[in-house]
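Please look at the chain below and follow its strands before reading on.

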Amino acid sequence: MAEPPRAPRLTDLGVDTTRPLLIVDVDEVLGLFMQGFGAFLEDRGLEFRVDKFALFQNIYRPGESEHLAIEDGRKHYDDFFRYGCGDMTPTPGGSAALQALSRQAGIVILTNAPGPARLARARWLGRHGMDYPLILNTGPKGPLAAGLAEQTGGPTVFIDDLISNLDSVAVSAPQVTRFQHVADPRLRPLAPAKLDLHTRIDDWDELRAAIEQTIG
């Protein structure tokens, strides 16, 4: 079994470890991923139908009722991160909320994305006023979040849209406060939630207020 990824040193990232820490996802938290991916697919003559809280099962050829083969969907997904993720629309209120929260806490961006996306993703964050340390991950985020949280002297908050990542953090770092945020209004009624385990707030103004209360 492969060892979990080792968390980078926060001090090496320029993060003050005496302050609270926010660990923030990108897709459907800071950026409208489904919208951007859908536009990318349309340019390739495909349709992205938001029928379910899924990814590859929502990709269709026009007029067809069966979704595109999963392996073909993955190729388009990888291509989006190589060529298209820099065009994604930022989530309303996300950048302003982080700017306000950065006065109280350190911020780290933790995103699951292929390696070739690093430069495009970093440039996208910078263009939209979110030039915070960026960590690329694959798989569950719990181990990395735990390693980051262990380095801080204050409370840690984790924000993600996916229950699998929130659950992973709950297991690896139960002391971390978890918030679920789903940015795309089309996805909100489709996205599963575990309200007994993770607080769900889909509006960034409300989320910012809740985080401010958490980190004191």
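What follows describes a predicted model.

## The sheet

Six strands make up an open sheet, and their order across it is β5-β4-β1-β6-β7-β8. The pairing in this sheet is parallel. Its edge strands are β5 (134–137) and β8, each of which pairs on one side only.

The pairs can be followed across the sheet from the β5 side. Strands β4 and β5 are parallel and share 4 bridges; here isoleucine 109 stands opposite leucine 134 of β5. Strand β1 is joined to β4 by 4 bridges, again in parallel, and leucine 22 has isoleucine 107 of β4 as its bridge partner. Another 4 bridges join β1 to β6 in the parallel sense, where valine 24 stands opposite isoleucine 159 of β6.

Phenylalanine 179 in turn has threonine 199 of β8 as a bridge partner. The pairing of β7 with β8 (residues 199–200) is parallel and has 2 bridges.

## The two faces of β1

In a regular strand, side chains alternate between the two faces of the sheet. Strand β1 can be read in this way. Leu21 and Ile23 point one way from β1, while Leu22 and Val24 point the other way. All four of these residues are buried.

Which three elements make a right-handed β-α-β unit with one another? They are β6, α6 and β7.

The buried residues of helix α6 are Ile163, Asn165, Leu166, Ser168 and Val169. These residues pack against the strands β4 (106–112), β6 and β7, and against the helix α5 (142–149).

Two residues in the loop between β1 and α1 are described here: valine 26 and glutamate 28. Valine 26 has a relative accessible area of 0%, so it counts as buried. Apart from residues up to four places away in sequence, valine 26 touches Gly31, Met88, Ile109, Thr111, Arg121 and Trp124. Valine 26 and leucine 195 are 169 residues apart along the chain, and their C-alpha atoms are separated by 21 Å.

Is glutamate 28 buried or exposed? Glutamate 28 is buried, because its relative accessible area is 3% and the cut-off for buried is under 20%. Its backbone is also worth a look. Most residues other than glycine have a negative phi. Glutamate 28 is not a glycine, yet its phi is positive, at about 65°.

Arginine 44 lies in the loop between α1 and β2 (47–48). Its relative accessible area is 35%, so arginine 44 is partly exposed. From arginine 44 to alanine 117 the C-alpha distance is 19 Å, and the two are 73 residues apart in sequence.

Histidine 76 belongs to helix α2. With a relative accessible area of 16%, histidine 76 is buried. Which residues is histidine 76 in contact with, leaving aside its neighbours within four places in sequence? They are Phe37, Phe40, Leu41, Arg44, Leu46 and Leu68.

## The largest pocket

Rolling a probe the size of a water molecule over the atoms shows where empty space is left. In this model, the largest pocket holds about 480 Å³ of space. Its lining has 19 residues, and the closest to the pocket centre are Phe33, Leu55, Tyr77, Asp161 and Leu162. The elements that give two or more residues to this lining are α1 (33–42), α2 (70–84) and α6 (163–172).

How many residues of the lining are nonpolar, how many polar and how many charged? The lining of the largest pocket has 9 nonpolar, 3 polar and 7 charged residues.

Key: Residues are numbered from 1 along each chain as its sequence is written. This is a predicted model: local features need pLDDT of at least 70, side-chain atom pairs count only at pLDDT 80 or more; totals for chains, interfaces and linings use all residues. Side-chain values use heavy atoms; hydrogens and water are left out. On a 1 Å grid over the protein atoms alone, a cavity is a set of points where a 1.4 Å probe fits but cannot get out, and a pocket is an open set with protein on both sides within 12 Å along at least five of seven lines; lining residues have an atom within 4 Å of a point. Grid points are joined across faces, edges and corners, and a volume is the space filled by probe spheres set on the points. Ala, Val, Leu, Ile, Met, Phe, Trp, Tyr, Cys and Pro count as nonpolar, Asp, Glu, Lys and Arg as charged, and the others, Gly among them, as polar. Buried means under 20% relative accessible area, exposed over 50%, partly exposed in between (1.4 Å probe, protein chains only). A crossover is right-handed if, with the strands pointing away from the viewer, the path from the first strand over the helix to the second runs clockwise. Two strands pair if DSSP finds at least two bridges between them. Contact means heavy atoms within 4.5 Å.
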